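Me: I'd like to learn how to read a strand and a loop residue in a model like this one. Can you walk me through it?

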Amino acid sequence: MSNSTRITAKNLTDKEFFYGHKACAGCGGSVAVRLALKVLGERTFTVVPAGCMSAVGFIYPQLCFTNNAIISTFPGTASMLSGVAAAARALGLENYHVLGIAGDGGTADIGIQALSGAIDRREKIIYLCYDNEAYMNTGIQKSALTPYGAKTTTTPAGQNVRGTVTQKKNMFEIVAAHGIDYAATASIGYMQDFLDKIQKASTVEGTSYIHVFAPCPTGWGTPIDSAIELGKEVVDSGLWYLAEYENGTFRLNKNPQEFTSVESYLLRQGRFKHLRKEDIDGIVRSRDAKWERMRSQWKTKTEER
Amino acid sequence: MKQQKFISGNEAVAEGVRLASPHVIAAYPITPQTVVVERLAEMVEDGSLKAEFMHVESEHSALSACMGASALGARTFTATSSQGLLYLVECLHYASGGRFPIVMMNANRSLALPWSIYGDHRDSLSQLDSGWIQIYVEDAQESLDMVLQSFAIAEHPDVLTPVMINLDGFVLTHTYELVEIPDKEAVSGWLPPFKTNYAMDFVHPKNMGFSSQPSDNTEFKYQQHRAVLDSISVIEEVDASFGTAFGRSYGGLVEAYRCTDADLVVVSLGSTTGTCRTVVDDLRTTGWKVGVLKIRFMRPFPVEAVLNAIGHVKGVAVIDRDISFGYEGTVFTNVNSALSRGQHNIVKLNFIAGLGGRDISKSTIRTIFTKLQQGVEGEPVKTVEFIDLTVDTDE
């Protein structure tokens, strides 16, 4: 199953595995799902919990996954995945992938217990978290991965509180702390890097976790053609990062010499429009502290693939 | 070759699971279920059971994993109790709606608060509407036998519905009996591997666990209802065929004891029934025309079987190890509803007993028969009574 040829935009299959769904115009999450399935192929069992991708993809009789797929309970992505993996072993199947696709709330909030258990058991599964930084399916409520300052429908920006007051939960390092076989961060703005990481995960003997940044124009108050650009800008401005964890080692895949403007990234989005200069300065300071730590503790040389 | 072992109810369940050869077992411990998963772990370790044994992180994950495995056509088993059953409730309804033929043992135990590790039926009875077939067994032999029968019922193409086998916590899970262990090859012949057209496969990929719209949701629920109703005849067939193969059968959905000519009948679930039979035998020697009806399946509810067995009597007392606060015991609600379809001059009383592990003694059951006789004679009696209550009431 594992394809030794590097999968790129040039040789990516024309087959569609997530097709005819009802995602919003410009949805970043659906791009991540579509690409991941193109890399992994038709012999992939997919588990998707309650959330955007199941809400737009599984409305009987309009079912849009052309591979085997099932909606799990909201907390149950990784536990149902584990059951699929166990059955596939017990039934003696060969040459297949087991892929979970959950959003930020489904991963970092309600699904974190089952995810932790699956990593602990070292299940041979690929867990893909598409992070659009809030509960979008239910109408843009704050999740544990909503960034500081963002306005959501449960963190309104008013006179007293200016949006979200918590920091984004550090899922990548939480997962790595389990001693997971492979973990990576990615963004749909850096597509080749994302394709590489899915392909890498497909060859891992054990659990893989890929956390892909996936902008949501509907929830973020941005134009419908902005998702890819925002997914690039968030990395270039240092508010997100491309990294891997493997064999006990963290590695930064991209280490910008200079960051682009945080203010420009934030203020083009409706959810951050209320931020004042001191708020943005605080976000920049916390970005710099994170990068100082990553640069000093993680490997930074990007290996050739 | 069949053999006999001196084992507990929990161990009898584990022996039944070993004989049923599931592909996947998901285990999370809770008192008083733990011995089941401990024995299964040992069986997998020593090679006498070839299964994927999953150490999951919660009951919710246990049933969620079983559903994932079942989606691929695997035979699956898990076990829980009480708080654990409630923790996985979301998955109960999910599994029945998804038509996953999972078999789960539940050790009946009281629900917090106040905390109690001892038995009553408030855990499983609170989930009668979950779409699961619910069995209540009386002894260790029946526990083992019903594990085997449960897979046959759940996986029947007309049923495809999960089954919950309920054992009274401690009274049954932790007491030892001589149990006949059927021969493995005989079981394999009687219970063939699970085959279904509704599992995921690579030739005909499936999208499962989907959403529905108002235009078709009712039809899905109707099909589910029909499947559980249709399980009535399957349960009877499976019990009869099990009897032919192994020499033991249980009468299907109810078991009536000395009810044919009875005037007064108590209705019970599970392990209380044995005590009731003893009291019935004692009272019969002094001329009382009494009997006991054991309800083996609470879902599907055996309306016809109940009417056939006790529709002719003068008085029925339902013992409930349960209370639906502000109303009555749930077994009573169901029995009363069934009896209302027959003749209308039966005196029907409900006794709330055995909560949180309190013993239901022979004396308690004799008192129940006495009160029922008083009711039949027209004396004023309470319809719903907490029996053996040690606090004063002003009722």
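This is a predicted model: local features need pLDDT of at least 70, side-chain atom pairs count only at pLDDT 80 or more; totals for chains, interfaces and linings use all residues.

Me: What is the general idea for side chains along a strand?

Reply: In a regular strand, they alternate between the two faces of the sheet. Here, A:Thr44, A:Thr46 and A:Val48 sit on one side of β1(A), with A:Phe45, A:Val47 and A:Pro49 on the other. Both faces are covered, and all of these residues are buried.

Me: Which strands do bridges join to β1(A)?

Reply: Take β5 of chain A, residues 97-103: 4 bridges join it to β1(A), and the two run parallel. A:Thr44 has A:His97 as its bridge partner there. Then there's β4 of chain A, residues 69-72, also joined to β1(A) by 4 bridges and running parallel to it. In that pairing, A:Thr46 stands opposite A:Ala69.

Me: Now the loop residue. Where does B:Pro205 lie?

Reply: In chain B, in the loop between α8 (184-190) and β9 (207-208).

Me: Why does B:Pro205 count as partly exposed?

Reply: Count the neighbours: a residue needs 20 or more other C-beta atoms within 10 Å to be called buried, and 12 or fewer to be called exposed. B:Pro205 has 19, so it is partly exposed.

Me: Which residues does B:Pro205 touch, leaving out those up to four places away in sequence?

Reply: A:Thr66, A:Asn67 and A:Asn68 from chain A, plus B:Met200 from chain B.

Me: How far apart are B:Pro205 and B:Ala317?

Reply: They are 112 residues apart in sequence and 53 Å apart in space, C-alpha to C-alpha.

Methods:
Residues are numbered from 1 along each chain as its sequence is written. Chains are lettered from A and ligands numbered from 1 in the order in which they are written. Two residues are in contact if their C-beta atoms, placed from the backbone, lie within 7 Å. Two strands pair if DSSP finds at least two bridges between them.
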